[in-house]
Amino acid sequence: MMIEADRIKIQAISLQDIARFSEYRDKEEVAEYQSWDEYPIEKAKQRITYCIKHPFHGKRGNYQLGIYLKDENYLIGDLFIEIDGHTTFTLGYTLDSLYWSKGYASEALEAILQYMYEEYHFKICLCHVYEDNDRSIKLLTRHGFDRIHKSWFYQDVLYRKMLNK
Ligand SMILES: CC(C)(COP(=O)(O)OP(=O)(O)OC[C@H]1O[C@@H](n2cnc3c(N)ncnc32)[C@H](O)[C@@H]1OP(=O)(O)O)[C@@H](O)C(=O)NCCC(=O)NCCS
């Protein structure tokens with residue numbers, strides 16, 4: 001699969017991008033609000049190998065797709081997609097900090113939401129965010145997500161967007 005937007009495209013991550021995937025995910029500011037502290041090459045290799053064995057097809061499972069600069073074919077970030085049922089999916093996003101504040105995350109978010117709605121008819125997208133992750137909350141709010149729940153256990157906030165609106 002490949003989703004094209006203005007400046008970026010979203011597609012499966014290739015084995016050639018293991019070092020690059022590790023490079024930006026390992027940055028302190030990129031990992032700050034994520035489930036990892038460090039992202040060594042070995043971890044990147046395991047994740048990309050898993051994803052190659054389990055290509056995205058819109059069914060139950062968890063997937064990682066690359067966000068590439070369209071013209072350079074250069075990996076600048078990724079999307080995590082978890083599907084539990086046929087109406088709802090959970091989305092995570094990570095962008096190399098060198099590419100923050102240029103609208104690339106916005107472009108990727110719009111493109112994946114449209115694709116999931118049109119191609120697979122998903123109705124709801126959920127995102128878990130730490131309350132002090134201002135950039136992430138700004139991104140979600142700007143794209144019509146609503147804050148629906150705070151988990152006292154995980155200390156994160158659940159945002160939701162209905163895709164037919
Ligand atoms: C969360 C994250 C993806 C947000 O990235 P981002 O670059 O801030 O988001 P956007 O792509 O929407 O960029 C918006 C900014 O680009 C600016 N911009 C510049 N050109 C633009 C364009 N062509 N279109 C839209 N916005 C543009 C906007 O004005 C806005 O500026 P601001 O940051 O001063 O408000 C990024 O910070 C990240 O990867 N963080 C680390 C991982 C993480 O925490 N993930 C979320 C876990 S819940």
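This tour moves through the model from the ligand to selected residues around it and elsewhere in the chain.

The model is predicted: local features require pLDDT of at least 70 and side-chain atom pairs count only at pLDDT 80 or more, while totals for chains, interfaces and linings use all residues. Residues are numbered from 1 along each chain as its sequence is written, and side-chain values use heavy atoms, with hydrogens and water left out.

**The ligand and its shell**

Select the ligand first. It sits in the largest pocket. A pocket is an open set of points on a 1 Å grid over the protein atoms alone, with protein on both sides within 12 Å along at least five of seven lines; a molecule sits in one if more than half of its atoms lie within 2 Å of its grid points.

**Contacts to the ligand**

- Leu-95: a polar backbone atom at 2.8 Å.
- Ser-106: a side-chain N or O atom at 2.6 Å.
- Arg-135: a polar side-chain atom at 3.0 Å.

The protein covers 72% of the 960 Å² of accessible area that the ligand has on its own (Shrake-Rupley method, 1.4 Å probe).

**The loop between E5 and H4**

Select Ser-101 in this loop. Its phi is near 60°, a positive value in a residue other than glycine. Ser-101 counts as exposed, at 65% relative accessibility (exposed means over 50%, buried under 20%, partly exposed in between; 1.4 Å probe, protein chains only).

Ser-97 lies in the loop between E5 and H4 as well, but is buried, with a relative accessible area of 18%. Its side chain makes a polar contact with the side chain of Glu-29 at 2.5 Å.
Such a contact is a pair of N or O atoms within 3.5 Å; within protein, one must be able to donate a hydrogen and the other to accept it, and residues adjacent in sequence count only if both atoms are side-chain atoms.

**Strand E3 and the loop to E4**

Finally, go to Gln-64 in strand E3 (residues 61-69), which is buried at 7%. Asn-73, in the loop between E3 and strand E4 (74-83), has a positive phi of about 55° although it is not a glycine.

Definitions and conventions
On a 1 Å grid over the protein atoms alone, a cavity is a set of points where a 1.4 Å probe fits but cannot get out, and a pocket is an open set with protein on both sides within 12 Å along at least five of seven lines; lining residues have an atom within 4 Å of a point. Helices (H or I, at least four residues) and strands (E, at least two) are DSSP runs, numbered from the N terminus.
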